[in-house]
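Here is a short report on one protein chain. Look over the sequence and the model first, then read on.

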Amino acid sequence: MSKRKLFHGTMNASKSAQILMQTFNFERQGKTFLIFKPLLDTRDGEYIKSRALDEKRQATSVARDENGLMYEMALDCKPNFIFVDEIQFFTPTQIEELTIISVKLNIPIFAYGLLLSYTGEMFEASKRAIECGFSLQELKMQCDMCTEKSTHHLLYSDGKVVTGGDGIHVGDEEYKSVCYSCFRKNIFKGR
């Protein structure tokens, strides 16, 4: 059984940049890999891009109802590694599929994404990854409002903090990465 790692951090913690750097190094070493991303993430089409680096990589987009695709591709390609970006937008069933790939096909899985939504609740896919034995690796970042470590997100719409919804919103500019204290202060402001 191969390892499964979940690299998590808040918005702008360089998660996609980490994938690009890792794949660059593995490619240089002659290693092969597959990159998966959720179809829900429409920002860069069929690519993984980073605001921090001037580089991009081709990725296979996976729809939420597309089960078995990642396993079939891994079985066909037999890569040395699999990278997954924006893991929070996958389904729990797809997380189990990645786990089966690591167990049955002995391929290491390196997943990157958020643990918590802007509502402060854990994403189902991130929760399932932890339940399936993914080890956690935190990518730390400072709060956008103070000097503490960021752990949460605030979503803004028309300059106001969004406090409801299903927790899923694709975008970059609308978010602030904040510590829990700043999160509470802004979520409960005006109540």
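## A buried histidine

His8 counts as buried, because its relative accessibility is 12% and the cut-off for buried is under 20%. The model is a predicted one. His8 sits in strand 1.

What does His8 contact, leaving aside its neighbours within four places in sequence? The list is Gly113, Leu115, Leu136, Gln137, Glu138 and Leu139.

## Leu6 in strand 1

Strand 1 also holds Leu6. Its relative accessibility is 0%, so Leu6 counts as buried.

Leu6 has a list of contacts too, again not counting residues up to four places away in sequence. Among them are Ile87, Tyr112, Phe134 and Ser135. Along the chain, Leu6 and Ala111 are 105 residues apart, yet their C-alpha atoms are separated by 4.8 Å.

## Helix 4 and its buried side

Helix 4 covers residues 124-131, and its buried residues are Ala125, Ser126 and Ala129. Why do they lie on the same side of helix 4? They cover an arc of only 100 degrees around the axis, which puts them there. An α-helix has 3.6 residues a turn, so residues three or four places apart point the same way.

What do the buried residues of helix 4 pack against? Their partners are strand 1 (4-8) and helix 3 (92-104). Just after helix 4 comes Gly133, with a positive phi of about 85 degrees.

## The whole chain

The protein chain has five helices and eleven strands. Its C-alpha trace spans about 55 × 35 × 25 Å along the principal axes. The radius of gyration is 17 Å. For 191 residues, a compact globule would have a value near 16 Å, so the two agree.

Of the 191 residues, 47% count as buried. Take the contacts with a separation of 6 or more: 77% of them join residues 24 or more positions apart.

## Surface and charge

The accessible surface comes to about 9,700 Å². Carbon and sulfur atoms account for 49% of that surface.

Definitions and conventions:
Residues numbered from 1 in each chain as written. Predicted model: local features only at pLDDT ≥ 70, side-chain atom pairs only at ≥ 80, totals over all residues. Heavy atoms only, no water. Buried < 20%, exposed > 50% of the residue type's maximum accessible area, 1.4 Å probe, protein only. Helix = DSSP H or I, 4+ residues; strand = E, 2+ residues; numbered from the N terminus. Arc of directions from axis to C-beta. Contact = heavy atoms within 4.5 Å. Rg over C-alpha atoms; globule rule 2.2 N^0.38 Å. Areas by Shrake-Rupley, 256 points an atom, 1.4 Å probe, with all protein chains shown as cover.
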